[in-house]
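Let's take a walk through a protein structure together. Have the sequence and the 3D view at hand, and turn the view as you read.

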Amino acid sequence: MLAFVLTLVLLLLVVIVLAYAERKVAAFMQDRLGPTEAGPYGSLQPALDVLKLLQKEDIVPAAADKALFKLAPILIFAAVFAGFAVIPFTPATVPAGIGIGVFYLLAIISLDVIGLLMAGWGSNNKYAMLGAMRSVAQIVSYEIPAGLAILSVVMICQSLDFQEISYQQGALMNQFPGMEYDMNWLFGIRELGINTTTIGGITTWNIFRAPILLVAFVIYFIASLAESNRAPFDIPEAESELVAGFHVEYSGFRFAVLFLAEYSMMVLVSLVAVVLFLGSWNTPLPNIGPVSLAYWTSGTVGEVSGILWGAFWLISKTFVLLFVQLQLRWTYPRLRVDQLMHLCWKVLTPVALGVVLIAGIWRLLMI
Amino acid sequence: MLFYIFAILAILSGAFMVLTRNLLYAGFSLLVTLLSLAGIYVLLFADFIAVTQLMVYVGGVLVLILFGIMLSSRVHDKSVLSENVNTVWGPLVSGLLLVGLGYTILKAEIASLPWLLTADTDVLGPQKSTVQSIGIKLMTDVVVPFEVASLLLLIALIGAAYIATDKPKV
């Protein structure tokens, strides 16, 4: 119960910062100032936006399928929020440390799709319906390259547990029960003979442990943009064609929930990318001889220092990825449907299959 | 306690699915049924099966069903409702199934089943999930059915791709 409340509060804080960052980044990339009036540098703007949304009338269209229309936002947010249950936030805190966390996350995210269909159908509006159809088609197809990229990480790490994968990517590895005698080698290859177990830092991140995962990371990042309906993959919400996509009929609190779910999805996919590829809550600074930067910036597992350092590194890495997502939105034009499917099926999926094969061979070199 | 909640949910949503005339509502109540079945699987220490069930049925099959219903819901400007067909054979077959299952359950002497007697012991032991043992079993004891299933899926995939392609005019 405590984990539920803490995660929800943390998520709301991150989403509010993200909504503010979105407006500011967009403004600066277009040579504007963005919000400036409310609070210092307009920093109260997102909070006031939410307040305004909550005061709006809750409109349910007369011809809508009322039960489905009302249920859909709850289902969408519940599906995304359920994904946060398996994310390890620090070395000692994870809401639900189940052994098949990665697999669970992939499955629970697919519930989101049902909610989108429900919203699109329930609105009884052709724009909403088209938006939902496009969104679902996009999410279902991009799950394949994303899943394959994640699969290659799972093959390298030999685990489906997010916390175990996190521990493997840092100097604290031997403190995880069951991995007391495991060792990390430079680029994961034992033959090179350079032991990085106690060096930690960036040298034990997954993209460094098995450099092929760098390709997997790029594939996952592109696919995750599509899964969270972000530009350049935002044809489900193309304003010029569909007004706003599946949530065109929603207003007031229900719209706020859908908005929150969308931003939570962005945060979730970035968190998963950080945990699987970019060293999770581990520090990027390695131990260099007597200067043990990695230990200084990791704290002690289970104590306040460990929790603070872990949360700090995880959240700052996540914000870097989120910033890239925001920046991409104003850099690339929207893809057409055929370009979208071409990218997914003819580029990303074959490359991802190749990465899975190479990751398997790499794992053989790591033993 | 949890088991009864999931069981009641599964039965209610299953009944609703059968009784409702609206195909779309039937699809969404199937979602509730599948979710509560996944919950029951978790209570049975079958976490991998539970998640696989979500992945395959909710993420794949159910989305496909809903897509089908939505794309074909208004044939000739009339929304499609499910109708009563097979009024003789349907109840007969399901009644026979019920009798057969009931007979089996009554004959089984559940109280003396060996795995129930050891139910108090920790099933998983030091492992954190059932994935390792399932993986080892799949690669050793049941490798032939596993490979045959994968071959079947591959054939289905090729068949679907073949049906979907535009045939070039000869």
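Predicted model: local features only at pLDDT ≥ 70, side-chain atom pairs only at ≥ 80, totals over all residues.

Let's begin with chain A. Its secondary structure comes to 14 helices and two strands. If you draw a box along the principal axes, the C-alpha atoms of chain A fill roughly 70 × 45 × 45 Å. How does the radius of gyration of chain A compare with that of a compact globule? For 367 residues, a compact globule would have a radius of gyration near 21 Å, and chain A has 21 Å, so the two agree. Of these 367 residues, 47% are buried. Taking contacts in chain A between residues at least 6 apart in sequence, 77% join residues at least 24 apart.

Now turn to chain B. Here you will find seven helices and two strands. Reading from the N terminus, the order of the elements is α-α-α-β-β-α-α-α-α, with the two strands placed between helices. Among the 170 residues of chain B, 14% count as buried. For contacts in chain B between residues at least 6 apart in sequence, the share that joins residues at least 24 apart is 57%.

Helix H7 of chain B covers residues 143–164. At 1.5 Å a residue, its 22 residues should span 32 Å, and the end C-alpha atoms are 32 Å apart, so expectation and model agree. Is H7(B) largely in the open or largely buried? The number of buried residues among its 22 is zero, so H7(B) lies largely in the open.

Next, look at where the chains meet. On one side are 19 residues of chain A, in contact with 17 residues of chain B. Which elements of chain A give two or more residues to this side? They are helix H4 (101–109), helix H5 (111–122) and helix H6 (126–157) of chain A. H5(A) gives the most, with six residues. Sorted by class, the side of chain A that touches chain B has 16 nonpolar, two polar and one charged residues.

Back inside chain A, let's look at two helices that touch. Two packed helices are described by the angle between their axes and the distance between the axes. The axes of helix H2 (residues 45–55) and helix H11 (residues 252–276) of chain A come within 6 Å and cross at roughly 140°. From H2(A), the contact uses A:Val50, A:Leu53 and A:Leu54, while H11(A) brings A:Gly252, A:Phe253, A:Phe255 and A:Ala256. These residues divide into six nonpolar, one polar and no charged.

A:Ala216 sits in helix H9 (residues 212–227) of chain A. It has 29 C-beta neighbours inside 10 Å, so A:Ala216 counts as buried. Setting aside neighbours within four places in sequence, A:Ala216 is in contact with A:Ala149, A:Ser152, A:Val153 and A:Val355. One of these, A:Val153, is 63 residues away along the chain, yet the two C-alpha atoms are separated by 8.1 Å.

A:Trp362 belongs to helix H14 (residues 337–366) of chain A. With 21 C-beta neighbours inside 10 Å, A:Trp362 counts as buried, because 20 or more are needed. Beyond its neighbours within four places in sequence, A:Trp362 is in contact with A:Ile156, A:Gly188, A:Ala210 and A:Ile212. A:Ile189 lies 173 residues from A:Trp362 in sequence, but 8.0 Å away in space, C-alpha to C-alpha.

Finally, visit two loop residues with a positive phi. A:Gln158 is in the loop between H6 and helix H7 (162–168) of chain A. Its phi is positive, about 60°, although A:Gln158 is not a glycine. Is A:Gln158 buried or partly exposed? It has 14 C-beta neighbours inside 10 Å, so it counts as partly exposed. A:Ser280 is in the loop between H11 and strand E1 (287–288) of chain A. This residue, also other than glycine, has a positive phi near 50°. With 28 C-beta neighbours inside 10 Å, A:Ser280 counts as buried.

Methods:
Residues numbered from 1 in each chain as written. Chains lettered and ligands numbered in written order. Contact = placed C-beta atoms within 7 Å. Helix = DSSP H or I, 4+ residues; strand = E, 2+ residues; numbered from the N terminus. Nonpolar A, V, L, I, M, F, W, Y, C, P; charged D, E, K, R; others polar. Rg over C-alpha atoms; globule rule 2.2 N^0.38 Å. Buried ≥ 20, exposed ≤ 12 C-beta atoms within 10 Å, placed from the backbone. Expected span 1.5 Å × (residues − 1). Axes fitted to C-alpha atoms, helices over the stretch in contact; angles between N-to-C directions.
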